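Me: I have a structure open and want to go through it piece by piece. Can we start with what counts as buried, then look at the helices?

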Amino acid sequence: MLIYKKICLKCNKEKPVSEFYKVPRNKDGLHSYCKECDKIAVSEYYKTDNGIASLSKYQKSEKGIAAIRRAAEKYQKSEKGIAAIRRAAEKYQKSEKGIAALRRSADKLKSEGYYRFGNGAISNMRQGAKKRGITFSLNVVELKEWWNDTSDICHYCSSTLEQYVELRNYVLNYKGTNPKIRKFMRYFKNTRHAAISTMTIDRKNNELGYEIKNIAKACWVCNFLKSNFFSEEIFKKIAPEIISELREAISEECS
Ligand SMILES: [Zn+2]
Ligand SMILES: [Zn+2]
């Protein structure tokens with residue numbers, strides 16, 4: 001005999017069998033409460049101590065963990081979930097931890113040369129070139145190869161990177177009054193410039209744009225000083241004198 005309707009033991013209403021959950025162990029294979037009443041009863045149960053305890057036990061079980069994971073995956077793909085994830089990401093990026101993580105990933109890019117010869121350097125130089133109306137024809141592959149094949153020695157004053165950093169640190173920390181040293185302080189007024197700890201990329205011939213044949217590694221002082229005023233040839237003669245004058249002034253201070 002087929003039953004099409006059943007009376008709910010809770011609300012006493014007669015409802016179609018589709019309104020009852022299936023329970024195989026019951027005689028008629030259906031729950032004694034209708035779905036609506038069952039939902040209420042379940043939510044009431046999970047407010048009791050027993051309910052809370054059994055829920056927490058379930059959540060720690062293998063089955064429970066798998067169910068939670070499935071629900072989370074479903075939620076993360078829903079519109080609501082995507083919006084919540086975006087909100088959380090924005091909040092995280094503003095948090096101390098998020099800022100630190102962002103800084104770490106920026107440091108990683110930096111250590112990989114992103115801003116010296118990678119895409120960061122390319123886009124910076126291209127932007128600067130565009131502003132000044134200079135042609136630009138470098139790509140990241142040739143620039144990287146050039147950078148790695150060119151030693152870290154200033155094309156103009158012949159300082160090594162270590163020598164340059166040492167001079168810079170001395171000038172940056174100088175508290176004395178010697179004008180021969182003090183006049184170099186203006187090279188590092190801008191904190192971004194003071195932070196330069198690698199060789200910079202200079203265009204040898206100011207008339208030409210950024211192309212492999214026209215670039216050289218230069219220390220920041222030479223790059224700044226040469227600017228657009230000196231030709232490569234002339235500046236190669238001037239730069240060593242300027243730097244050795246600074247070195248002499250420093251060694252006089254130190255003696
Ligand atoms: Zn009912
Ligand atoms: Zn130099």
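Reply: A residue is buried if 20 or more other C-beta atoms lie within 10 Å of its own, exposed if 12 or fewer, and partly exposed in between. Keep in mind that this is a predicted model.

Me: With that cut-off, how many of the 16 residues of helix 4 are buried?

Reply: Zero, so helix 4 lies largely in the open.

Me: And what is the count of buried residues in helix 3?

Reply: Also zero, out of 16 residues, and helix 3 is hardly covered.

Me: What about helix 6, how far does it reach?

Reply: Helix 6 covers residues 119-132, which is 14 residues, and it reaches 20 Å from its first C-alpha to its last, close to the 20 Å expected. Just after helix 6 comes Gly 133, with a positive phi of about 70°.

Me: Which residues other than glycine have a positive phi?

Reply: Asn 12 is one of them, at about 65°. Ser 158 is another, with phi near 65°.

Me: Where do Asn 12 and Ser 158 sit?

Reply: Asn 12 is in the loop between strand 1 (5-7) and strand 2 (14-16). Ser 158 is in the loop between helix 7 (140-149) and helix 8 (161-172).

Me: Is Asn 12 buried or exposed? And what about Ser 158?

Reply: Asn 12 is exposed, because it has 9 other C-beta atoms within 10 Å. Ser 158 has 15 within that distance, so it counts as partly exposed.

Me: Switching to the whole chain. How many helices and strands are there?

Reply: The protein chain has 12 helices and four strands.

Me: What radius of gyration does it have, against a compact globule?

Reply: The protein chain has 36 Å, whereas a compact globule of 255 residues would be near 18 Å. Along the principal axes, its C-alpha atoms fill a box of roughly 110 × 45 × 30 Å.

Me: What share of the residues counts as buried?

Reply: 14% of the 255 residues. As for contacts with a separation of 6 or more, 46% of them join residues 24 or more positions apart.

Me: Which domains is the chain divided into?

Reply: There are two in the assignment: domain 1 (1-45) and domain 2 (150-254). Their C-alpha centres lie 86 Å apart.

Me: Which residues have the most contacts inside the largest nonpolar core?

Reply: That core has 18 residues, and the ones with the most contacts inside it are Cys 154, Tyr 156, Cys 157, Cys 219, Val 221 and Cys 222. Helix 8, helix 11 and helix 12 are the elements that give two or more residues to this core. Helix 11 gives the most, with four residues.

Me: What does Cys 222 touch?

Reply: Leaving out residues up to four places away in sequence, Cys 222 touches Cys 154, Tyr 156, Cys 157 and Ala 239.

Me: Where is Phe 230?

Reply: Phe 230 is in the loop between helix 11 (220-226) and helix 12 (232-254). It has 17 C-beta neighbours inside 10 Å, so it counts as partly exposed. With residues up to four places away in sequence set aside, Phe 230 touches Phe 235 and Ile 238.

Me: How far is Phe 230 from Ala 106?

Reply: They are 35 Å apart, C-alpha to C-alpha, and 124 residues apart in sequence.

Me: Now Ala 100. Where does it lie, and is it buried or exposed?

Reply: Ala 100 lies in helix 5. It counts as exposed because it has 9 C-beta neighbours inside 10 Å. Its C-alpha is separated by 62 Å from that of Ile 7, 93 residues away along the chain.

Me: Last one: where is confidence lowest and where is it highest?

Reply: Confidence is lowest in helix 5 (residues 96-111), at a mean pLDDT of 90, and highest in strand 4 (residues 215-218), at 97. The protein chain averages 93, and 99% of the residues score at least 70.

Note on methods:
Residues are numbered from 1 along each chain as its sequence is written. Chains are lettered from A and ligands numbered from 1 in the order in which they are written. This is a predicted model: local features need pLDDT of at least 70, side-chain atom pairs count only at pLDDT 80 or more; totals for chains, interfaces and linings use all residues. The expected span of a helix is 1.5 Å times one less than its number of residues. Two residues are in contact if their C-beta atoms, placed from the backbone, lie within 7 Å. A nonpolar core is a set of buried Ala, Val, Leu, Ile, Met, Phe, Trp, Tyr and Cys residues joined through C-beta atoms within 7 Å. pLDDT is the predictor's confidence in each residue, from 0 to 100. The radius of gyration is taken over C-alpha atoms; the globule rule is 2.2 Å times the number of residues to the power 0.38. Domain bounds come from an automatic or database domain assignment.
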